[in-house]
Amino acid sequence: MSTLGGVLLAAAVLLPFVGMLLGLVLGGRQVQRVAFVLMPLGLALAVVITVTWMREGQTLVYLLGGWAPPLGIALRADGPAVAMLLAVAGVVCGIGIYAHADFGTPSGVKESRAAFSYWLLLLAVWGALNLVFVSGDLFTLYVALELLTFAGVPLVCLAGSGETLRAALRYVLFALCGSVLYLLGAVLLYGGYGTLDIPLLADAVQPGPIAWTALALMTVGLLAKTALFPLHIWLPPAHGGAPAAASAVLSALVIKGSWFLVLRLWLDVMPGVATLPAAQLLAGMGAAAIVVGSVVALRQQRLKLLVAYSTVAQIGYLFLLFPLAFDAAGDMALRDAAQAAGLLQAIAHATAKAGMFMAAGLVYVALGHDRIDDLAGAARALPVAVLAFLVGGVALMGVLPSGAYLAKKLLLASADASGQWWWTLVLQGGAAFTAAYVVLIAVRVMRRPAAPLSGLKPVSMLSQCAALGLALASLALSLFAVWGLLPAELISNPLSPKELGNTLTMFALGALLASALSRRPLFGAARVDDAASGNEDSGLMRRTTVALGVAFEQADAFLRRWSSASLSLLTLAALFGGLLLVGAPT
């Protein structure tokens, strides 16, 4: 039966789409006003849904038309769905406040097509994500994902340049390849079990050729939409070329939809089909994303491209949870802790990365460029925006009291309980890589410029505060433990010798990595050529590390070719199918 909370779920899905229709009817000048009315309403609705779920202590359900599955379609919200509904509503509000300066239409100013499109697309992304989180069957999830894709693609090319149009076309074509694989898997499941309803399918599905093939195809299709390395062909040009307000939506929100569905498939729909060897491959791709994405980020010349490649790296963290859901015996006994860690990581990434993209956009507007080597004096000129960028980066490092810290603690506990010690090295090493580009930017922006900065353009203080607010929100997720929603022992004193020592060690390792791998030595003025060959003053170690960074860049460029990405897509589907078969119980 539908519950009162279930009616609220339907309202949460419908509200953004109703806003889109109103915006279309009222016209471009009014669509922003519609969005600004609906965003706080949507956030309040998400809060009410959260309180209702906590009070009722059970999954919220809404039956469309009153028909129960398998004949009807149900909307459901459990703990993960409620958490994501609330987080996305908060991030949308923050991004909307920031976007007012870029896509607002003041009185007396002719409305622009880009502004009209942006607010409609923001509402569409929000509504599609809400539908992803509460959909109760795999076909409705497919429809929601397609809505999300076709709302996200136009955000890439709002500027209308040839470069952004090419990036958008690459995004939509590769995302559609992923959609085909997902839909093939859904068709197999429906043919084999006669339903796509998640609870009914979870009760019926059994390890076998149909389930193995479906899970492999659907997983790889969703990885293409999430842009997990090496399937990241579309992400850097799409995120790096879009306007900052659009990049924040793409990085913080859009990729979370397909990741959330992978979480649903592996932990809720087919936990008996998923195997530890296949989960190791999934997390191995995540580890590769952390290393390659971080190294290539350090090699970038533009701030927005650095943030885009850091997104490639941070996506990798979202997939480390899957092998850590299994215990030492190979059973999915640690699922709850792993799922909580993944959700905390996703929410921490959404808030922090939105703030970082927004801050990078403000730096570009004020200085007229975002060249990393020419950011000297930016901290004095834009203290709030720079602080937002650095706070977001520190939050992603996983230092106390950020949400990423709580996620890391949960994953480390699962790694210790399951005996998978190698993932401990990945988690700790990944924090050092994140610290590297935080230290790199901190050093660049805090330098004294050779000449006073001139021609600075004013930027909105409200936009700067919105970016800082989202970055600080990523540091405030430890309140979940304080409120009793997570074990209190996860939180410790950030000034204790152990925690302080860990934080300082991460920053020291980050400084070493940034100095070794970036295009210019961290504390030196001399530029080292990308070929990294003949400069005698740079030293053998510096030449070796820069050559390693160049090799990573070349490997990234090779993997982002259409031929390489297509081959990776098919190879990974075959690998996942084989590992699901090999790891299946006999």
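pLDDT is the predictor's confidence in each residue, from 0 to 100. The protein chain averages a pLDDT of 87, and 92% of the residues score at least 70. This is a predicted model, in which local features need pLDDT of at least 70 and side-chain atom pairs count only at pLDDT 80 or more, while totals for chains, interfaces and linings use all residues. Residues are numbered from 1 along each chain as its sequence is written, and side-chain values use heavy atoms, with hydrogens and water left out.

**Confidence**
- Over residues 525-537, pLDDT stays under 50.
- Where pLDDT is low, the predicted coordinates should not be read in detail.

**Helix 18**
- Helix 18 spans residues 461-475 and reaches 21 Å from its first C-alpha to its last.
- Ser460 caps the N-terminal end of helix 18, with a side-chain oxygen 3.2 Å from the backbone nitrogen of Leu462.
- Its buried residues (under 20% relative accessible area, with exposed over 50% and partly exposed in between; 1.4 Å probe, protein chains only) include Ser463, Leu468 and Leu475.
- Helix 3 (79-103) and helix 13 (335-367) are among the elements covering the buried residues of helix 18.

**Pro207**
- Pro207 lies in the loop between helix 7 (198-204) and helix 8.
- Pro207 is partly exposed because its relative accessible area is 37%.

How values were computed: Helix = DSSP H or I, 4+ residues; strand = E, 2+ residues; numbered from the N terminus. Expected span 1.5 Å × (residues − 1). Contact = heavy atoms within 4.5 Å. Polar contact = N/O pair within 3.5 Å; in protein donor to acceptor, adjacent residues only side chain to side chain.
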